[in-house]
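Visitor: Could you walk me through this protein step by step? I am new to reading structures.

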Amino acid sequence: MLSAFVRAFRTPDLRRKLLFTIAIMVVFRFGSFLPTPGVDYGNVQACVAQTAGANDLLGLINLFSGGALLQLAVFALGIMPYITASIIIQLLRVVIPRFEALHQEGQSGTTKLTQYTRYLTIGLAILQSTTIITVARNGLLFSGCTVPVIPNDDIVTILIMIITMTAGTALIMWLGELITERGIGNGMSLLIFTQIAATFPVAMWSIAGGQNGATKFTIVLAIIVLVVGLVVFVEQSQRRIPVQYAKRMVGRKMYGGTSTYIPIKINMAGVIPVIFASSLLAIPGLIAQFGDQTAGWVIWLTQYVASPSSPINIGLYMVLIIFFAYFYTAITFNPDEVADNMKKYGGFIPGIRAGRPTAEYLDYVISRITAPGSLYLALVAMIPLIAFILLDVGTNIPFGGTSILIVVGVGMETVKQIESQLQQRHYEGFLR
């Protein structure tokens with residue numbers, strides 16, 4: 001991997017793309033530290049030092065913002081509104097025929113869906129920024145902190161803060177598209193990678209500086225290496241279903257007669273099930289915050305359901321991950337559509353008749369291969385969590401299944417793109 005980066009920097013065109021990508025990442029990180037107008041930065045730092053961090057509801061947003069949420073920075077929302085909008089648009093394809101028709105139209109339809117995603121992102125950014133500012137005004141963002149983080153909470157100041165955070169989200173979308181067009185890799189994925197990876201050194205330093213820091217640091221590092229190795233192994237694994245195309249005459253030319261395969265990954269849902277499960281498990285904590293803190297049901301909900309270290313929370317987390325793995329795979333992979341496309345172009349699976357039998361066979365394979373894929377996701381999500389609970393290093397450090405899956409997946413995809421462009425520029429052919 002390092003040799004690929006060295007060769008990339010020696011190539012002028014790739015060097016410009018890499019330097020452009022790095023420059024956008026630097027600008028992105030700068031916006032994560034730039035305070036929003038109306039926020040008392042000194043009081044925010046004091047509250048961060050006094051409290052353990054954000055509540056469970058905002059923990060996932062804080063992870064994807066690289067800690068900018070707790071700073072109430074311009075990029076406090078991070079890339080989370082865009083991720084949520086993309087998932088919603090993708091899910092709406094199942095219930096809205098117009099969206100499915102746009103998806104099947106090709107490039108023009110995809111452009112229209114992207115436009116809808118941008119509009120929805122702005123709407124979600126307004127909603128989320130309003131929620132975060134309200135939580136900060138009520139003192140719920142930093143539990144136990146008495147100093148006000150927004151000293152002047154008049155309507156004009158609040159509107160300026162909402163507009164600033166929403167504009168920050170729009171700017172993040174634009175930066176991501178710039179990387180995709182003029183840089184290396186997928187822009188949005190690289191921005192997520194940047195924010196998550198930026199929190200790793202601080203978390204590791206806090207572990208090393210605690211009690212028995214050297215021992216815990218070594219164990220945590222070994223767990224991370226183990227989980228990364230497992231993620232790399234499984235993410236590259238796939239089931240290849242052979243497909244044979246029959247020969248056919250078009251005019252005077254013969255087409256077809258080739259053999260290929262349909263690659264089906266063990267984990268087709270990616271990191272989406274983990275994000276869905278984390279979001280749903282944050283709801284009990286949200287309900288408990290608005291209830292009477294001395295009530296019995298609130299105490300039970302906080303201790304046994306909302307707490308990340310409780311057995312009920314861990315069990316629900318695993319069940320939700322497995323459920324959403326099947327749910328999201330069923331939405332993104334349509335066996336009937338694949339079977340119809342194969343039949344249209346004269347393709348068939350050896351030993352399986354074209355049409356309905358092919359769709360049933362693909363559905364059977366997907367169901368069988370999603371079982372180990374969902375268990376793998378649950379295992380990757382639970383190993384760091386359980387290990388860090390046993391080591392007593394906290395559950396808010398950014399080494400959970402979500403962050404590791406994203407960092408490793410984006411890193412592998414970016415390296416593959418760099419290597420493919422290097423092969424295009426250094427191909428020598430058969431004659432020298």
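**A walk through the model**

Guide: Happy to! I155 sits in helix α9 (residues 155-182), where helices are DSSP runs of H or I, at least four residues, numbered from the N terminus. This is a predicted model, in which local features need pLDDT of at least 70, side-chain atom pairs count only at pLDDT 80 or more, and totals for chains, interfaces and linings use all residues. Residues are numbered from 1 along each chain as its sequence is written, and side-chain values use heavy atoms, leaving out hydrogens and water.

Visitor: Is I155 buried or exposed?

Guide: Buried means under 20% relative accessible area, exposed over 50%, and partly exposed in between, using a 1.4 Å probe and protein chains only. I155 has 60% relative accessibility, so I155 counts as exposed.

Visitor: Which residues form a salt bridge with 2.7 Å from N to O?

Guide: A salt bridge is a side-chain nitrogen of Lys or Arg within 4 Å of a carboxyl oxygen of Asp or Glu. Side chains of opposite charge can pair when their charged atoms come close. Here the 2.7 Å pair is E177 and R118.

Visitor: How many residues apart are E177 and R118?

Guide: E177 lies in helix α9, while R118 belongs to helix α8 (residues 107-137). The pair links distant parts of the chain, and the separation is 59 residues.

Visitor: Which residues are joined with R356 into one salt-bridge network?

Guide: R356 and E360 both lie in helix α17, four residues apart, about one turn of the helix. Their own salt bridge has its closest N and O atoms 3.6 Å apart. Through salt bridges that share partners, R356 is joined into one network with D336 and E360.

Visitor: What is the relative accessible area of N313?

Guide: N313 lies in helix α15 (residues 311-332). Not counting residues up to four places away in sequence, N313 touches L281, Y304, V305, A306, S307 and P308, where contact means heavy atoms within 4.5 Å. N313 is buried, because its relative accessible area is 6%.

Methods:
Helices (H or I, at least four residues) and strands (E, at least two) are DSSP runs, numbered from the N terminus.
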